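Student: Before we discuss any labels, could you show me the sequence and the model, so that each term can be checked against its cut-off?

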Amino acid sequence: MQNNDVIRSLRYTFDFGDDQMIKIFSLADLEVTRAEVSDWLKRDDDPEAKPISDFKLAVFLNGLINYKRGKKEGPQPVPESRLTNNQIIRKIKIALQLQTEDIIEILALAGRNMSKHEISAFFRKPDQHQYRLCRDQVLRNFLQGLQKKLRAA
């Protein structure tokens, strides 16, 4: 799944304006301009659309954690230079303080049924033999279910 799709989905889900988006980046110690944010949020077929890097999406997700849970004292986590779908779901899980049951419920809202064991495999270390790669469709279903859950509330 493209990073721009993820950030657009999260913006819509939480109904963030440009100022809030800029604030979330700054909560993770990265200053971005309104023009950059605007370019990342444009539709893929727009000639002015620009891709957001894994690093900047990681910064945004770290900022989302700080925005939702409060910024903790001390040094901030170092944003990843390469992001996987597993890391994206993990960061959203942390930001929203979701439990495995919550993730199962969110996926079910998008029509995807998964067991507790399948979900927990996404959060294991990659070198652990029960680790499972989160495919694009699962991430897409998770973001759709999150929209249904939070926008309906």
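**Values against definitions**

Tutor: Keep in mind that this is a predicted model.

Student: Why is Asp29 called exposed?

Tutor: The relative accessible area of Asp29 is 51%, and exposed means over 50%, so Asp29 is counted as exposed. The backbone of Asp29 also has a positive phi, of about 65°, although Asp29 is not a glycine.

Student: What makes Leu27 count as buried?

Tutor: Leu27, which is found in helix α2 (residues 18-27), has a relative accessibility of 19%, and because buried means under 20%, Leu27 falls in that class. Leaving aside residues up to four places away in sequence, Leu27 touches Gly63, Asn66, Tyr67, Lys71 and Gln76.

Student: How do you know which residues line the largest pocket?

Tutor: A lining residue has an atom within 4 Å of a pocket point, and the residues lining the largest pocket include Asn62, Ile65, Asn66, Gln76, Lys91 and Ile94. The elements that give two or more residues to this lining are α4 (54-69) and α5 (85-96), and α4 gives the most, with three residues.

Student: What does the lining of the largest pocket have by class?

Tutor: It has four nonpolar, four polar and three charged residues, around a space of about 170 Å³ in the largest pocket.

How values were computed: Residues are numbered from 1 along each chain as its sequence is written. This is a predicted model: local features need pLDDT of at least 70, side-chain atom pairs count only at pLDDT 80 or more; totals for chains, interfaces and linings use all residues. Side-chain values use heavy atoms; hydrogens and water are left out. On a 1 Å grid over the protein atoms alone, a cavity is a set of points where a 1.4 Å probe fits but cannot get out, and a pocket is an open set with protein on both sides within 12 Å along at least five of seven lines; lining residues have an atom within 4 Å of a point. Grid points are joined across faces, edges and corners, and a volume is the space filled by probe spheres set on the points. Helices (H or I, at least four residues) and strands (E, at least two) are DSSP runs, numbered from the N terminus. Ala, Val, Leu, Ile, Met, Phe, Trp, Tyr, Cys and Pro count as nonpolar, Asp, Glu, Lys and Arg as charged, and the others, Gly among them, as polar. Buried means under 20% relative accessible area, exposed over 50%, partly exposed in between (1.4 Å probe, protein chains only). Contact means heavy atoms within 4.5 Å.
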